[in-house]
Structures are given as C-alpha cells and as structure tokens.
Amino acid sequence: MDVTEDRHELRPEVNLDDSQDTDEPAFDWMRTAAASTSAPAAHRAEPSPAGTTAEASSAPAGHEAEAPGDPTLEATAPERSGTAHLEPSPTSALQVRPPEDQVARRAAQRDAAASARPVAPRVLQVLMAIFLPFLLLIAAVRVIATPAFLWLEYFRPGFPGDGYGFSADDRLTYGSYAVDYLSNFAGRRYLGDLVLPSGSALFTDAEVSHMADVKLVILSTYGAGVLLLAFFVVAYLVLRKRRGAFGRGLFAGAIVTFLLVVGLAVLAFLGWQQFFTDFHRIFFSQGNWSFQLSDTLIRLFPSQFWMDSAIAIGVLVLVVSSLMIIFAWPMKRRSAEAEGAAARE
C-alpha cells in the first residue's frame with residue numbers, strides 16, 4: 001500500500017460547516033445569474049437553533065429558509081417575490097406633461113423670443129433712411145460750390161454771356177472770390193473790399209449782406225453734414241456685427257433719397273421760378289435776396305447758373321443713390337447669411 005494513501009486515510013477530516021453544505025450558497029440572492037438558473041428546484045433545509053428546520057422544509061421549492069429579523073433578507077424579499085413596492089420619486093411631478101395649450105403657448109413664446117430682433121439696430125436703420133437724403137444733398141452741394149464747377153459753367157457752350165461787359169475770365173475770377181468766401185472764415189471785408197478796374201466796389205452793401213447770410217446757411221449745412229457723417233460712422237460700428245444690417249439701412253435711405261429727389265425734380269420742372277422763389281423764402285426770410293440785373297451777383301450767377309446747379313446736384317444724388325440701391329440690394333442669399341449669423345451670435 002502506498003504510504004501517501006495511508007496518510008490520507010489516517011488523517012482526520014476537519015469540517016467546520018455545521019450545515020454539512022459547503023458547495024451551495026445559503027440563499028438565492030447570493031447566487032450568480034448562471035448559477036441560479038442551474039440550481040436544483042429544492043435545497044436541503046438548514047438547521048437553525050430556534051428549530052425552524054420544519055418551517056424551511058415546508059417552504060415552496062426554489063426558496064431557502066429566511067432568518068427572521070435579517071435586514072438584508074427583508075430588503076431582497078420583494079425582489080424575489082416579484083411584488084416590489086416602489087416609493088414615489090420626489091421629482092416625479094416634473095415628469096408629468098402639462099396640458100397641450102400650455103405646451104403650445106410656451107413653444108410660441110420661445111419661438112417669438114428666438115426670432116425677436118433687438119430694437120437698437122432697427123432704430124439706427126430708420127434714422128439712416130431719414131438722414132441719408134440730407135447727407136447726399138449736402139455732399140452734392142459741396143461738390144458744386146467750387147471754382148471747378150464755375151469753370152465748367154462759364155466755358156461750356158450755350159451758357160449766356162454778360163450783357164454788361166464781364167468776360168468769361170472776369171466771371172471766373174470774381175465768381176471764385178464769392179465761392180471761396182462761402183467756405184472760409186473771413187469777414188465781410190473779403191468781398192466788400194473788392195473793386196473793379198474802374199475803382200468802384202465790386203459788390204454793393206446789399207450784396208455783401210446777402211452773401212453773409214448765404215455763408216451762414218452754407219457753413220451750418222456743412223456742419224450738419226459732418227454730424228451726419230459721424231452718425232453713419234457710429235451706425236456702421238454698431239451694425240457691423242450683424243451681417244447685412246448696415247447695408248439694409250443704406251438701401252432704405254437710398255430708396256427714400258431717390259424718391260425725394262425725383263419729387264423735387266418734378267416740382268422744379270413744373271415751375272422753376274416758383275420753386276426758386278420758395279427755396280429762397282425758406283432760407284432767407286428777411287427778403288434781401290432780390291437784385292437788379294445790373295448787380296454783380298446777377299451778372300456772375302444768372303438764372304441759368306442756378307438751373308444748371310440744381311440739375312447737377314440732382315444728377316449726382318440720383319447716381320449715388322442708384323449705386324447704393326444696386327450694391328445694397330437685400331438679396332435672399334444675403335438675408336439667409338445674415339439670419340444664420342444672427343442665430344450663431
């Protein structure tokens with residue numbers, strides 16, 4: 001006989017498990033998923049010191065005897081029985097869907113808030129549409145009130161000559177003094193001290209007084225033009241973050257300018273003399289703008305000169321406003337890009 005086998009037979013076996021069940025877990029909840037499915041239908045009853053072996057043996061098949069008072073077993077009992085009691089969640093009320101009318105109303109409010117546009121950009125665009133006609137008219141007046149335009153007028157074919165002896169060169173020389181006086185800061189002596197070759201004064205006191213009034217109106221107009229230009233610079237800085245916003249303001253202003261100039265042109269065409277008179281009555285209400293045909297201002301600036309000046313101003317403004325309409329036209333692609341940029345912001 002092998003000595004190793006004798007030693008195993010002679011060695012006493014030590015078994016510390018009183019239940020004599022070292023292979024099976026005591027309860028089903030201790031089994032794994034695979035083990036619980038392959039477990040036998042019935043288990044051996046566990047002896048208990050309180051004599052509960054009989055109760056365990058009478059339990060239904062597939063269940064082990066449970067020790068009373070064990071909190072772990074009590075917690076798992078509902079899971080085994082299939083009749084678990086679920087406590088209501090403290091946030092379960094938030095999962096209840098409100099009535100459909102409230103859902104629709106809230107959705108409409110969200111859509112309105114998402115599609116709402118800020119008020120400040122719209123106000124700036126409206127002001128741009130109002131101020132652009134004045135800015136373009138002032139700019140056109142500044143272009144016309146130059147010696148260069150005088151040269152074009154005096155030397156163009158068909159311009160009426162002076163019946164009292166001024167040549168085209170005389171007109172250009174004396175007229176340049178008058179135009180320069182309107183844009184500088186000199187006093188009345190700038191015109192009052194001018195004399196003809198004969199020694200007589202070039203301009204009478206009434207003419208110098210009227211030119212002083214014209215100068216005040218012109219300088220005020222130029223000052224307003226500077227302020228309007230500053231406004232458009234500020235509007236651009238504010239609206240540049242919203243793609244297409246500044247262009248839409250220019251487009252609206254160009255439309256207004258175009259219509260305004262066309263309307264003024266129609267009035268001037270229907271009655272130039274009345275239009276010219278009403279214009280002077282608005283800006284020179286004191287009435288010192290009427291002169292004789294022999295006065296220097298009339299000889300330098302006859303009625304044809306003012307008609308040509310009005311036509312030149314109207315053409316310049318119409319050309320510029322037309323270009324603005326063309327280049328600032330709010331096409332669908334630009335509108336879609338602007339809306340996408342606004343949504344991303």
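Biologist: Is the crossing of H7 and H8 right-handed or left-handed?

Modeller: Right-handed. Keep in mind that this is a predicted model.

Biologist: Noted. At what angle do H7 and H8 pack, and how far apart are their axes?

Modeller: The angle is about 155 degrees, and the axes are 9 Å apart. H7 covers residues 147–154 and H8 covers residues 168–183. Angles over 145 degrees count as roughly antiparallel, so H7 is roughly antiparallel to H8.

Biologist: Which residues make that contact?

Modeller: From H7, Pro-147, Leu-150, Trp-151 and Tyr-154. From H8, Ala-168, Arg-171, Leu-172, Gly-175, Ser-176, Val-179 and Asp-180.

Biologist: How does the contact of H7 with H8 divide by class?

Modeller: Seven residues are nonpolar, two are polar and two are charged.

Biologist: Staying on H8, is Asp-169 buried, partly exposed or exposed?

Modeller: Asp-169 sits in helix H8. Its relative accessible area is 48%. Exposed needs over 50% and buried needs under 20%, so Asp-169 is partly exposed.

Biologist: What's the C-alpha separation between Asp-169 and Phe-155?

Modeller: 9.1 Å, with the two residues 14 apart along the chain.

Biologist: Back to H7. How does H7 cross H14?

Modeller: At roughly 120 degrees, with the axes coming within 11 Å. The oblique class takes in angles between 115 and 145 degrees, and H7 and H14 are therefore oblique to each other. H7 passes H14 in a right-handed crossing.

Biologist: Who is touching whom there?

Modeller: H7 brings Phe-149, Leu-150 and Glu-153. H14 brings Gln-304, Phe-305, Asp-308, Ser-309 and Ala-312. By class, that contact has four nonpolar, two polar and two charged residues. Leu-150 of H7 also belongs to the contact with H8.

Biologist: What about H6 and H14, what are the angle and the axis distance?

Modeller: H6 is residues 119–144 and H14 is residues 303–327. Their axes come within 9 Å and cross at roughly 130 degrees. H6 and H14 are therefore oblique to each other. H6 passes H14 in a right-handed crossing.

Biologist: And which residues make that contact?

Modeller: On H6, they are Leu-132, Leu-136, Leu-137, Ala-140, Val-141, Val-143 and Ile-144. On H14, they are Ser-309, Ala-312, Ile-313, Leu-316, Val-317, Val-320, Ser-321 and Met-324.

Biologist: How many of those are nonpolar, polar or charged?

Modeller: The contact of H6 with H14 has 13 nonpolar, two polar and no charged residues. Ser-309 and Ala-312 of H14 are in this contact, and both are also in the contact with H7.

Biologist: New topic. Is Lys-215 buried or exposed?

Modeller: Buried. Its relative accessible area is 7%, and the cut-off is under 20%. Lys-215 lies in helix H10, residues 205–239.

Biologist: Which residues does Lys-215 touch, leaving out those up to four places away in sequence?

Modeller: Tyr-181, Leu-182, Asn-184, Phe-185 and Ala-186.

Biologist: And how far is the C-alpha of Lys-215 from that of Asp-180?

Modeller: 9.9 Å, across 35 residues along the chain. Asp-180 is one of the H8 residues in the contact with H7.

Biologist: Zooming out, how many helices and strands are there?

Modeller: The protein chain has 15 helices and zero strands.

Biologist: What share of the residues counts as buried?

Modeller: 26% of the 345 residues. The chain exposes about 23,000 Å², and carbon and sulfur atoms supply 63% of that.

Biologist: Last one. Of the contacts between residues at least 6 apart in sequence, what share joins residues at least 24 apart?

Modeller: 70%.

Note on methods: Residues numbered from 1 in each chain as written. Predicted model: local features only at pLDDT ≥ 70, side-chain atom pairs only at ≥ 80, totals over all residues. Heavy atoms only, no water. Axes fitted to C-alpha atoms, helices over the stretch in contact; angles between N-to-C directions. Helix = DSSP H or I, 4+ residues; strand = E, 2+ residues; numbered from the N terminus. Parallel < 35°, antiparallel > 145°, perpendicular 65-115°, else oblique. Left-handed = near helix turned anticlockwise from the far one by under 90°. Contact = heavy atoms within 4.5 Å. Nonpolar A, V, L, I, M, F, W, Y, C, P; charged D, E, K, R; others polar. Buried < 20%, exposed > 50% of the residue type's maximum accessible area, 1.4 Å probe, protein only. Areas by Shrake-Rupley, 256 points an atom, 1.4 Å probe, with all protein chains shown as cover.
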